[in-house]
Amino acid sequence: MKKRKVDITVISDVHLGTYGCHADELLIYLNSIQPKQLILNGDIIDMWQFSKRYFPAAHMKVVRKIISMASKGIDVFYITGNHDEMLRKFSDTDIGKLHIVNKLVLQLDGKKAWFFHGDVFDLSIQNMKWLAKLGGYGYNVLILINRITNWGLTRLGKEKYSLSKKIKNGFKGAVRYVSDFEKTAVDLAIEKGYDYVICGHIHQPKKEIVVSKKGRCTYLNSGDWVENLTALEYSFKRWKIYRYNHDRLSPFFADEELKHMDIHELIASITSGKEKANKEEEEPLVD
């Protein structure tokens, strides 16, 4: 199968080891792309709810796929989140092309991108971890109930329904929390001089350019692989939210986007890449 080439792929909040994880769909997605860099932005393995009794073969295949990508020369950055915080004691550890970090800063075509999970802004995790863990168990049960409900709705020929989204959208505190999270991330990024801030944690895929009196920054969130089944992709100097339920049915969606790009920008991005490659080939090796 021909794979789509992308510069950077960002996924987060996969929650391997829980009933809500869509490991099969994620595996299909990972097998469809060939990124130069894969960034795992936290909560990939759910160590809060990890159980030897439940870790299906599909979940293990995702782990093996990620390791395989690293073994084939793809830079894989595992940014730790709250559900996989046990890995934080291994921060700044490199295992071949697999890098474990707490945060990441990259230069992307002259712009600075700041990657981190985002749980540092969550006061419930910082001050009342037991409550956050209890909420995680409750969310997992809700997702399981939702799956059973949607199975019945599908059999009846009706549309699927998200119980958790309905509850979140109907609870003003949850809506305000998401808004505050995004504002805090952007304000801090502008203060630090970053052009992009890329988070996970809140399971809300989003791309938004924010302009304030202090500056300008693009806020991005990779969403999750529990409900939204989304990722972020960076190619041709642009970010895009990949939505599995929509984009997997449109294999040429990336090419369709190029139609709307400025032709000079497109040519420049391609030729600069070729010039860089030619320059590297011409440079002599130095012992």
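1. W239 sits in strand β12 (residues 238-243). Helices (H or I, at least four residues) and strands (E, at least two) are DSSP runs, numbered from the N terminus. This is a predicted model: local features need pLDDT of at least 70, side-chain atom pairs count only at pLDDT 80 or more, and totals for chains, interfaces and linings use all residues. Residues are numbered from 1 along each chain as its sequence is written, and side-chain values use heavy atoms, with hydrogens and water left out.

2. Is W239 buried or exposed? W239 counts as buried because its relative accessibility is 5%. Buried means under 20% relative accessible area, exposed over 50%, partly exposed in between (1.4 Å probe, protein chains only).

3. W239 touches residues beyond four places away in sequence, among them I8, F115, Y196, I198 and L220. Contact means heavy atoms within 4.5 Å. W239 and T9 are 230 residues apart in sequence, yet their C-alpha atoms are 9.7 Å apart in space.

4. Now strand β8 (residues 196-199). Y196 and I198 point one way, V197 and C199 the other, and all are buried. In a regular strand the side chains alternate between the two faces of the sheet.

5. Which strands pair with β8? β7 (residues 111-116) runs parallel to β8, joined by 3 bridges. β10 also runs parallel to β8, with 4 bridges. Two strands pair if DSSP finds at least two bridges between them. I198 is the bridge partner of F115 and stands opposite L220 in β10.

6. T218 lies in β10 (residues 215-221). T218 counts as buried because its relative accessibility is 11%. Its contacts include Y196 and V197.
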